[in-house]
Amino acid sequence: MSEELRIGVVGCGRMGAFHIRNYGQLDCARLVAVADPNREARRKVLGETRVLEYSDWRDMIEHGEDELDAISIASPSELHATIALEALAAGLHVLVEKPIATTLPDALRMRGAAMEADRKLMVGHVERFNPAVAKLRELVADGRLGTIYRAHATRVGPLPTRIQDTGVAIDLATHDLDVMQHILGQSISEIYADGGRFLHSSQEDLLTCLVRFSAEGEGDTLGLLDVNWLTPEKTREIVLIGENGLLRASYITQDVWFVESPSAPLHWDGLSMLRGDGEGAAVRFSLAKAEPLRAELEAFCRCVLDDTPEPVSAHDGVKALAAALAVRESAAVRRPVELLAIPEPRPLEVLV
């Protein structure tokens, strides 16, 4: 394979437009084709860019056998599985926007199909490529917090008009359910959620979740997750509390702060009533800011060109989807839902 991945993008909506723009800026990628049933959407996104245009993604896959190496799927979520399975069967590598699918059986079929076809299937959990998330994971791995007691993620903002096929569990919660497992290195074992639909026409638009993580040989870590489409101001933040202090990261500004546990006593009673009995040093880390989606697409290209593991595997996507579906189920029945451990995929043994 050359040092340039020939890409086709399925979907010219908001996310598809972002994919098309970013692929055009990468040295390791060449945009070859786009597919969307809306010709005006294709023309608006492409502008003066000249590539092959298809109104049906099936035609793009069928006719792109000699022209494409991979596709990016930025279609409505309910089409992810159908498109990905056909692309993999045609021998193409696939990047699929999160969620990997809308049902667990579909997600597992996609994971298996990629293994059978020996093709890359990467899931677009874009926050994995946020410099703030990478820094948090590094600090946690280095033991900066010591034992971690709780992770608290907030992902709230105004009601979007463009999202009609999923609610906040699939559209928003999947981000932080994946990020928390990624940062902590622990899997979710139980979820208790509540919420409902207030303004959206058909989907849940507010959820509050209590998440329990488990790691072999360690105490359980708790997680809190607040997601909604009802807050006038957009907030994307995660806070980790541990024995050595607190880590806070903003997904939006890509800033990370550390506040150590109190070590210096306060001798002013009036101030101690407001600030507590002591205070610790605080630091804001200096990070190189980067566009997460561009980093994600470049990582996808590189894993195909270099034949290395996907930075966000289909298995990661399956785990995030299972957790998001458990959030919806728990909110519906208003009781905790346990998550079954999803084993890592492995090739079938050949009997001789």
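Which residues of the largest nonpolar core touch the most other members? I looked this up in a predicted model, where local features need pLDDT of at least 70, side-chain atom pairs count only at pLDDT 80 or more, and totals for chains, interfaces and linings use all residues. Residues are numbered from 1 along each chain as its sequence is written, and side-chain values use heavy atoms, with hydrogens and water left out.

**Core.** I took a nonpolar core as a set of buried Ala, Val, Leu, Ile, Met, Phe, Trp, Tyr and Cys residues joined through side-chain atoms within 4.5 Å; buried means under 20% relative accessible area, exposed over 50%, partly exposed in between (1.4 Å probe, protein chains only). The largest such core has 103 residues, and Y23, I71, L177, I191, I238, L247 and F300 touch the most other members. Helix α7 (residues 168-184) contributes the most, ten residues. Helices (H or I, at least four residues) and strands (E, at least two) are DSSP runs, numbered from the N terminus.

**Charges over rings.** I counted a charge as over a ring if NZ of Lys or CZ of Arg is within 6 Å of the ring centre and within 35 degrees of the ring normal. I found R144 over the face of F258, 5.2 Å from the ring centre, and the charged end of R155 over the ring of Y251, 4.7 Å from its centre.

**Backbone.** I noted a cis peptide bond from K98 to P99, with omega near -5 degrees; P99 is in the loop between β5 (93-97) and α5 (104-117). Q254, not a glycine, has a positive phi near 60 degrees and is buried, at 7% relative accessible area. D307, also not a glycine, has a positive phi of about 55 degrees but is exposed, at 60%.
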